[in-house]
Amino acid sequence: MQGPGGAQLRDAIERGVRYLSGAQRETGGFLAENCWPDVSHCSQERCMFYTTFVLYALSTVEHRAVAPIIRLGVPYITRQMEAGGWWRFWDHDDPLHGFVGPDTDGTAAASAVLTMSSAPLPDNVEMLFQYRDARGAFYTWQDPSLFHPQALQLIEKL
């Protein structure tokens with residue numbers, strides 16, 4: 001990080017990593033601020049999906065505080081796994097966990113984090129490929145019949 005913006009970039013990385021280190025929960029996950037339908041209705045969620053992005057992004061950062069964050073985060077991701085190598089959007093301990101079923105994007109993101117960290121991972125690639133439409137695009141959810149009835153109503157409005 002040499003050059004005109006190198007010091008600013010180093011400072012920004014320092015501040016960001018310091019913030020994430022302090023924001024990480026004891027479980028290894030991160031809280032997400034969800035505002036729906038606008039910023040006047042916000043709540044904090046325990047969200048496995050967002051945590052995967054933090055951990056994956058940090059894997060490219062060289063900083064002394066990154067390894068402890070990833071070391072705490074990877075077992076958290078592993079604990080969120082469900083039967084067959086599936087993950088859901090929300091943590092097991094979030095009230096919305098059962099709102100929707102396991103999903104392909106959360107499963108792919110969690111699998112990427114575990115792969116990048118060389119953590120044990122069930123072979124779920126073929127399983128994921130079963131959830132595509134005729135064009136090959138992936139469906140978001142494994143089984144919409146597992147949704148809470150209110151989730152279906154909300155999705156129909158979108």
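**View 1. Helices α2 and α4 pack at an angle of about 35°.** In this predicted model, the axes of α2 and helix α4 (residues 104–116) lie 9 Å apart. Helices here are DSSP runs of H or I with at least four residues, strands are runs of E with at least two, and both are numbered from the N terminus. Axes are lines fitted to C-alpha atoms, for helices over the stretch in contact, and angles run from 0 to 180 degrees between N-to-C directions. The crossing of α2 and α4 is left-handed, meaning that the near helix is turned anticlockwise from the far one by less than a right angle (clockwise would be right-handed). On the α2 side, look for Met48, Phe49, Thr52, Leu55 and Tyr56; their partners in α4 include Ala109, Val113 and Met116. Contact means heavy atoms within 4.5 Å.

**View 2. Helix α2 also packs with helix α3.** Here the angle between α2 (residues 48–58) and α3 (residues 66–79) is about 145°, and the axes are 10 Å apart. This crossing of α2 and α3 is left-handed. Residues of α2 such as Thr51 and Leu58 meet a set in α3 that includes Ile69, Gly73 and Tyr76.

**View 3. Trp87 sits in the loop between α3 and α4.** Is Trp87 buried or exposed? Trp87 counts as buried because its relative accessibility is 0%; buried means under 20% relative accessible area, exposed over 50%, and partly exposed in between (1.4 Å probe, protein chains only).

**View 4. Val125, Phe129 and Phe138 make a nonpolar surface patch.** Together they have about 270 Å² of accessible area, computed by the Shrake-Rupley method with a 1.4 Å probe, where only the protein chains shown count as cover for residues. Patches use residues with over 30% relative accessible area and no salt bridge, joining like charges within 9 Å and nonpolar side chains (Val, Leu, Ile, Met, Phe, Trp, Tyr) within 5 Å. A salt bridge is a side-chain nitrogen of Lys or Arg within 4 Å of a carboxyl oxygen of Asp or Glu. Phe129 belongs to helix α5 (residues 125–129) and counts as partly exposed because its relative accessibility is 38%.

**Notes on the views.** Residues are numbered from 1 along each chain as its sequence is written, and side-chain values use heavy atoms, leaving out hydrogens and water. Local features need pLDDT of at least 70 and side-chain atom pairs count only at pLDDT 80 or more, while totals for chains, interfaces and linings use all residues.
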